[in-house]
Amino acid sequence: MENIEIINLWKQYDEKLEKSLSLNQKIIAELQQQKAKNALRPARNYKLLVVFIGIIYSALVGYFLYHLIPFASIFINLSVGIHLLIMVIAVIMYIRQLVLISEIDRSENILQMQQKMAKLQSSTLRVIGICFLQFPVFATWNIRLELIEKNPIAFWLIQMPVVLLLTYIGIWFYKNINIKNMDKRWFRMIFYGVEWSSIIKSGKFLKEIENFEKV
């Protein structure tokens, strides 16, 4: 009888211990999730500021372009138009990122949070890559037909090489700004501010939950 009682007591102890460990694991996971959400706040505030400034800036550029079209050269109109288009795309992408952060903040499922965090990281990188695509317009707005006709050598030997170089740089950054290169020096020089660091910090908290649950 004594052996049976000891075995039953031992089973009860195991059950209590298992429940306690399960509760502790749940509490730790919830705390890490909350830390991940809190870590995103600086990124959200930064993106809100970018959207606010971006909308005002795009409206001003659009107003400027509207009054510029009748008398400006086709090169200026195209350059400003491309610049405005990319700015509008960037603002839309930042708004989408704010929606993702809001969804992460409301989510309780770790897998869903990780999936949305991956989308947020990808979108944050992609919007910067898209912004680099406008590099050539900074060397095309001042092109004039008179320059091409009167001084073709200067146009083809100076102006066009600069345009091609900026085009190459823009495309290179667009193709290479991705998560695979995040440990490279040039990547860290671009993504060093509060926006990117808070996203990475939040992702680390979520990764810690995943590693803890595997133990």
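Visitor: What is the hand of the crossing of α2 and α3?

Guide: A crossing is left-handed if the near helix is turned anticlockwise from the far one by less than a right angle, and right-handed if clockwise. Here α2 and α3 make a left-handed crossing. Bear in mind that this is a predicted model, where local features need pLDDT of at least 70, side-chain atom pairs count only at pLDDT 80 or more, and totals for chains, interfaces and linings use all residues. Residues are numbered from 1 along each chain as its sequence is written, and side-chain values use heavy atoms, with hydrogens and water left out.

Visitor: At what angle do α2 and α3 pack, and how far apart are their axes?

Guide: Two packed helices are described by the angle between their axes and the distance between the axes. Helix α2 covers residues 41-68 and helix α3 residues 74-106; they pack at about 155°, and their axes are 9 Å apart. (Each axis is a line fitted to C-alpha atoms over the stretch in contact, and angles run from 0 to 180 degrees between N-to-C directions.) So α2 and α3 are roughly antiparallel, a label for angles over 145 degrees, while under 35 is roughly parallel, 65 to 115 roughly perpendicular and the rest oblique.

Visitor: How do α3 and α4 pack?

Guide: Helix α4 takes up residues 110-132, and α3 packs with α4 at about 165°, the axes being 10 Å apart. That makes α3 and α4 roughly antiparallel too, and α3 passes α4 in a left-handed crossing.

Visitor: How many helices and strands does the chain have?

Guide: You count DSSP runs from the N terminus: helices are H or I with at least four residues, strands are E with at least two. This chain has eight helices and zero strands, which reads as α-α-α-α-α-α-α-α along the sequence.

Visitor: What share of the chain is made up of buried residues?

Guide: Buried residues are 34% of the 215 in the chain. (Buried means under 20% relative accessible area, exposed over 50%, and partly exposed in between, using a 1.4 Å probe and protein chains only.) Take Val51, which is found in helix α2: with a relative accessible area of 9%, Val51 is buried. The C-alpha atoms of Val51 and Met93 are 9.3 Å from each other, though the two residues are 42 apart along the chain.

Visitor: Where does Thr140 lie?

Guide: You'll find Thr140 in the loop between α4 and α5 (145-150). Thr140 counts as buried, at 17% relative accessibility.

Visitor: How many aromatic pairs does a search of the whole structure find?

Guide: Rings of Phe, Tyr and Trp (its six-membered ring) pair if their centres lie within 6.5 Å; planes under 30 degrees apart are stacked, over 60 edge-to-face and the rest tilted. The search finds seven pairs. One of them is tilted: Phe132 and Phe135, at 5.2 Å centre to centre and 55° between the planes. Phe132 is buried at 14% relative accessibility, whereas Phe135 is partly exposed at 25%.

Visitor: Why is the pair of Phe173 and Trp186 edge-to-face?

Guide: Because their planes are at 75°, with the ring centres 5.8 Å apart. This pair links distant parts of the chain, 13 residues apart: Phe173 is in helix α6 (residues 152-176) and Trp186 in helix α7 (residues 185-190). Phe173 is buried at 17% relative accessibility, and Trp186 is partly exposed at 22%.

Visitor: Which residues do ring pairs link into a cluster?

Guide: Phe132, Phe135, Trp172, Phe173, Trp186 and Phe187 are linked that way.
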